[in-house]
Amino acid sequence: MTADLVSVRGVHRRFGSGPASVHALRDVSFDVAAGTMVALVGRSGSGKTTLLNVVGGLDRPDEGTVVVDGTEVTALDDDGLSDLRRSRVAYVFQTFGLIPVMTAAENVGVPLRLARVPTVERERRVELLLDLVGLADHAAQRPDELSGGQQQRVAVARALAASPRLLIADEPTGQLDAETGLSVMALLRGVVESEGVTVLVSTHDPVMMELADRVLRMHDGQVSC
Amino acid sequence: MLRLLARRARAQWPLLAALLAVVTIGATLLGTCALLVTRTAGRAIEVVAARAAPDDVKVTAYNVTVRGADAASVAADSRDVLTSALAPFPATTATRVSSVNRSLPSAPRVDGLPAETYLSGLDDLPARATLAAGRWPRAATGRAAALEAAVLEPTARLLGLAPGDRVRLGAELSVDPAPPLDVTVVGVARPLPGAGWDRDPLAGAGYDLHFEGQNPQPVHAYGPFLVDLADLFGSGSLVGRLEVTARPDLSRATRRDLDTVTGNISGADRRLAGALGDRVRIERVESPLPDTIGRAREQQRVTAAAVLALAVLGCLLTATALALAGRLTAGLRTGEHALLSALGVGPGQFAAAATVEGGALALLAAALAVPASSALHAGLTHLAPLSGAGLATGPGVGAAQVLAVAAGAFGLAAVLVVLAVRRAAPPADRRHRRDLLARSGADLLLVAFAAAGWWQLAAQPTGSGARADAVRVVAPALVLAAGAALALRVAPPALRAADRLARRARGLAFPLAATEAARRSHAMAAGLLVGLACAAGTFGIGLDATWDRSQRDQADLSVGTDLALTLAAAPRTGDGAAVGAATGGTVSPAADRGIAVGQWIGSAGDPPRLVAVDTARAGSLLRGRLDGDRGWAGVGAALAPPTPAGGLAVPAGAVLTISGTATGAAPVAVTPRLLMQDATGLRTACDGEPLPLDGTTHRLPDCAPVDGLRLVAVALPILPAGPVDPGSSAVAVTLTVPGTAPGPAPWTATSAPPAPERLVAPAAAATGTPAGAELRMTATASLGGPENAARTLVATAFPDPGPVPVAISGRFARELNVHKGAPLSVAIGTTPVALNVAEVLPSVPSAPGAAAILADLDTLSRALVAAGNLDFPMDAWWVGDPAYPDAAARATGLHLGTVTTRAEEAARLAGSPPRAGLPAALRLLVPAAALLLLAGVVLHVTFDLRARAVEVARLRGLGMYRREIRAVLLGQHAGVLLPLVVAGAAVGALATYAVAPLMVRSDTGAVPVPAVLPVWPWAAEAVLLALLLAGALLAVAAAVVAQARRADAAHLRVAS
């Protein structure tokens, strides 16, 4: 049996206080095996994004623990969380999250620069990743010169740049048409297959659910398998 | 719509508060400048009038030839005309009357010339002279009583008069002469300097032995006999001059009253003529008051033009800040605008809403700016230089201020409305191209306007009276705006170069910061504001320093030395030592007067000037900026004589004697004139009586009242003492100076012009004897010709200097087209002196901008002496490097004349009431520029960071540390700010060099002399730039830290 890369236990997260407070996550517990693709599905407001942010160390739970790749995320300080995201966890955002003033190649190179990878190696890896996502010919183009699907491919390439163990994708096809979304899903599936990366993805897309190894359903802040 | 605006205002109050603050700042600046050019300027005229010297505001009625019977009524009517012209100001009047000349039979008859005298009456005599003996004359008690009179010291000495003496004055020398009358001398007086004695027929000298009044032949004139004014009127004497001077009390002057009085004075001449009718032959009213007020108004106009130029600059800065704020506001409201458009709100409704919002902002800003500008103006007037100029005032509101504030607030609000209305934009690529074209066109237009404005500034008339036009007022702002716009074009390439460089780095922070700085489309308004504010601030400091330097340069050149004491009366032996003791500085006698150069007497009222001092000490004495690396010591060395005059030392109190012989049958006499020199270089002539050359020894008058004198020249006019013998006579004269020995320098003898051939073989030699030093002078005189024909033997302790080396001013060289080495001839009095041009200077000290000559006074005097003229051409004492802080007061206490100092002149130029507005406005502009720059930076950074909050959160998601994010954001903003600040400073520096000198004018409104030297005060500029950078970076840092702290999942949630 494959070891778990992500282990979430008894996580609670509330926003606000008093009667107006929102209980976004309620006693959430689950595990994600390494090298698998797990889809997190649920209606808007069910707590998917909050859960992904807690797993990726962008948010802290009020209670519970999160362990990623053997590291208890909830015990890390601010710099430790940044280190985690640099080396082991990568994000793909619904709105792509590319830096608008940088070219596709430069955006892909951002994690490598954060890791202070030597220039030659960085350029080689960027070229490889753009080729992987089918955008080798678009390296010098800026985000506003690319289509939505191309931008999301660049975002995936950037997420893979630092060879993360876990890739968190928050509704990566939310702003794409069905065909483009499918190609992005296929890309993520391919990444799982070829790179052995664990992917935790939130989605409404039934196709994505079909491509996932496992589907976690969220409802009112709680997870059910 | 109104409800929407109200709700939006509640929701966006911080934004509206920022807009309101910017509009209020601009309107306050305008209101304050309006107060400076109206209220302060008007008050300045009043202060000028209140502080004016009495002689600058007096009004004098001159009446010539008044019958004795009419004199009293003419004086009374003249007083009435003057006091009514000066109404509503109270005025004091003083009357000075001089009779026509009378014969003076009791005077000793010398040279066969008749003696004359005159009566004078002054109703404020004790204020114009001091009593040396006796008492002031009182009105005669009865018709038969002799008039009481006082005489001046020289008159008393020459006529042998003392209190108690009775003198008979002969009949009047007029067509209908008044009979002789007797006067009793009751006092001996000494004229006070600056007390109007220049209006006396003999200028207060007490005598003139070659008076050439209305007679073809000169006479010996003595006087005046100062009598009580009523006595003079009652004596029946024909009045030659009757002057009534009125001095108004302007301590509570108002502009309106001054205007009234100025108008009255211009019509006073006509009213006086009407009042006096045919009781006087000539009548005239003169007053320097209109000129004094006119000069102040001219200065006020010059200052107002400069202040308005600064106000325009401030307004431009505010408009730029507002354009930035408007763009940011429009950006923030994009979503709202799109929503409302989708709901059917049309462009007209948007425009109406923007107008209502802008109008409300303008109203509120104006309501705040009126009291703010009043308070700021009042505060400014309590600071230097306005407070020093007597312009401190409390807060007040004026119509011009309210108008300026309202116009400013609504004008600036219009910028907001225009920006709001312009929101509907075509597609991005078309807009980009169109904007690019528009910007290029606007830049070119701006540069063209700036060039035209600069040309207008440069083409201003050099003389006074240049009126400021709109182009000149806006020119500085245009130049700075054009410079800032061009500098803005330079910044992007520099940032792109930094971006290319940064891409090679391994880390992310620097490349990301450089990339963001270089590639993100920055708000042009923000860049323009930073560049323009920086340029305006640095230019303001540069202009202030340039203006201040120019005032000091003008003061240096205008006074010419550290302290000048312009003599009110002829200098006396020992004065130099007194001036030296009072000031503790380097003291030199100085000549400073108009002259004729050959046939050239210059233009009207602007004759060529002669300035002569002891140039051997020019380094200590002369002031004023020279061109290149020349110094006054070097210039002076080229003019100074090679060796000082030697001569014979004369102990104090020494009794000099003279004896001589002459061959031939006819008796011969000489009238010895000795030239004594003191340690300061002052030369005074000591005149002896005519002495027969009969072999006997004659005692000379006391020529050495003080120690330290040297006899440097002797002039011996040789005259036949009896019937003229057409033959010749060998003359030998020996002058004995006891208690001294001759120096090694030989004496030179010459026959003075104009007829040197009438004296042949002149010789002089000094020898030592047991009794002292003997100066033996010999010549053979041709005795034919007129009795007083010139036969003057001159013996000097120095050789004839030949042509006197002089330095001439650039204007002199241009107007006469002369160059170095050119010979010149000038007339000093009636004596022609040959000159040789040794140097050409930009200007001569104390003669700024004039066609002037600088000479060594010693050399000039030697040339005059060699020509037989022993008069020392002296008009002032010049003092360099005075040792005492109160040297001016101590010199004034000597009562020798009027004291002017370089420091006082500089203070007057820089701090005179009509001119103090400019530095005050500059002190307003620089902080305003800094404030607007900081406000702009804060606004821009805050809005920029808010707009990029999601991007920053994503960077956190990518694993960037908070400190890295801070570094990126700081680096990015610093990377944009720094080149803009540097470019703005460069524009400010260029404007300081190109525009500031053109904005500085003299106190008459003319181009200053010497030429204005642009000053870039490195220390002050560095402090300003450091403060601006520090303030801006601090604001950026605060915003960045707050943004980095907030960059978390919440923003990602929003984005997703």
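Predicted model: local features only at pLDDT ≥ 70, side-chain atom pairs only at ≥ 80, totals over all residues.
Student: What makes residues 6-224 of chain A a named feature?

Tutor: That comes from the record: UniProt, in an unreviewed entry, labels residues 6-224 of chain A "domain: ABC transporter". Such annotations may be inferred rather than shown by experiment.

Student: How is chain A divided into domains?

Tutor: Domain 1 of chain A takes 4-88 + 164-224, and domain 2 takes 103-163. Their centres, taken over C-alpha atoms, are 23 Å apart. The contact between them uses 15 residues from domain 1 of chain A and 13 residues from domain 2 of chain A.

Student: Which element gives the largest share of the side of domain 1 of chain A that touches domain 2 of chain A?

Tutor: H6(A), with seven residues. Helix H2 (78-87) of chain A also supplies at least two residues there. By class, that side of domain 1 of chain A has nine nonpolar, four polar and two charged residues.

Student: Over in chain B, why do you say that strand E32 and strand E34 pair?

Tutor: Pairing takes at least two bridges. E32 (residues 804-809) and E34 (residues 831-841) of chain B are joined by six bridges, so they count as paired. The two run parallel, and Ser809(B) has Leu841(B) as its bridge partner in E34(B).

Student: And in what sense do strand E33 of chain B and E34(B) pair, parallel or antiparallel?

Tutor: Antiparallel, over six bridges. Six meets the cut-off of at least two, so this counts as a pair too. Ser825(B), for one, stands opposite Ala834(B) in E34(B).

Student: What do E33(B) and E34(B) form, and what is the phi in the turn?

Tutor: A hairpin, with two residues between the strands. Gly829(B) in the turn has a positive phi of about 65°.

Student: How many residues does the contact take from chain B and from chain A?

Tutor: 23 from chain B and 26 from chain A. Each residue counts because its C-beta atom, placed from the backbone, lies within 7 Å of one across the contact. On the chain B side, helix H15 (509-519), helix H25 (949-957) and helix H29 (1049-1055) each give two or more residues.

Student: What classes make up the side of chain B that touches chain A?

Tutor: Ten charged, eight nonpolar and five polar residues.

Conventions. Residues numbered from 1 in each chain as written. Chains lettered and ligands numbered in written order. Contact = placed C-beta atoms within 7 Å. Helix = DSSP H or I, 4+ residues; strand = E, 2+ residues; numbered from the N terminus. Nonpolar A, V, L, I, M, F, W, Y, C, P; charged D, E, K, R; others polar. Domains from an automatic or database assignment.
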